[in-house]
Amino acid sequence: MREAVGGIRRRWGLAAALLVAALVAAAGWYIAATQANSREAARANFERRAALTARLITGAFVASVSVEEVRERYGGPPAQVRRAVAQDGDTTSKRTIVLSAGGRVLAAAPRRLGGDRDLVSSSAHLRAALAGQVALSDAFHEPIRGWQIEIAVPFQAGSGRRVVASSGPVSIVDGFAAGFFETASALPGTRGYLLDGNGRVLSSTDHAGDGTSMDLRLAEALQQSSSGSYGDRTYVSAKAPSSQWRVALSVPTDALYATIEGPRVVAWALFGGFTIALAALLRIGVAAARGAAACRRPRASAPPSSSRTSGCTMP
């Protein structure tokens, strides 16, 4: 009978130990999963910040163009268009191209562009505009004007769709992008870059659009993946609409997850205390069970009629 009771107690003890282990494992899994979800949420928010910055920057460029003004200036007869473009050519800061719906150059400044048979085929932004979408070019170098970017705008003229493309110095981009990068840099240590489709820096948080001011480790990482980490930093990037540009943001990993680290330490500290408390309760329970078993075991030297048991007084 005593052996059967002892077996039951051992099974209950094993069940209690397994229950404690399951509770500890479940609590640990919950904390780990919660922390992982919090980190994913912080990273997703960082990615949304990059996407919003990209949309705002190119959106500002597109909104700066008045289609009505473009139509009024370049929508008239060919002779009028050529005069308007010639006036644009009087300045050394930009070039202007007006295309027909079929991609034929109606007027251009400088004039040599009119004879460039590869002008449209080599320019993704012109092809996009001919298809009906306002588009921004990658940076390109002009012998006199230096590094330029160009915006191509489709509009409806009396003879059908036309496209006007007008350029400006890359430094203009920095003026547009600087304010948006200030907003994107809410996290301490954030670095922001606006890159064209060739990876050239158009603007950055240090306001340098010279094409060289970029962390080489980030440049290499972006060639492998649109988001990830390098060294002690985490980066994300997002494509900018109406262009082949993209915005890349980089932040110290510790800063990105700073709001999570404090609660994480507290959660794991509480988990440690919870584990220790359960282990102590289990130990007390085992000790109590052993004491109860000892109370029911008669002394070998005691007479059968004795009410004394080993270490206990029987009622």
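Me: What makes up the hairpin that has S242 in its turn?
Reply: β10 and β11 form it, with 6 residues between them, and S242 has a positive phi of about 65°. Strands here are DSSP runs of E, at least two residues long, while helices are runs of H or I with at least four, all numbered from the N terminus. One heads-up: this is a predicted model, where local features need pLDDT of at least 70 and side-chain atom pairs count only at pLDDT 80 or more, while totals for chains, interfaces and linings use all residues. Residues are numbered from 1 along each chain as its sequence is written, and side-chain values use heavy atoms, leaving out hydrogens and water.

Me: Why is β10 said to pair with β11?
Reply: Pairing takes at least two DSSP bridges. β10 (residues 233–239) and β11 have 7, so they pair, and they run antiparallel. In one of these bridges, T234 partners V251.

Me: What about β7 and β11?
Reply: β7 (residues 191–195) also runs antiparallel to β11, joined by 5 bridges. There, Y193 stands opposite A248.

Me: Why is D215 called buried?
Reply: Buried means under 20% relative accessible area, exposed over 50%, and partly exposed in between (1.4 Å probe, protein chains only). D215 has 15%, so it counts as buried. Its place is in the loop between β8 and α6.

Me: What makes the link between D215 and R191 a polar contact?
Reply: You need a pair of N or O atoms within 3.5 Å; within protein, one must be able to donate a hydrogen and the other to accept it, and residues adjacent in sequence count only if both atoms are side-chain atoms. Here the side chains are joined at 3.4 Å, so the pair qualifies.
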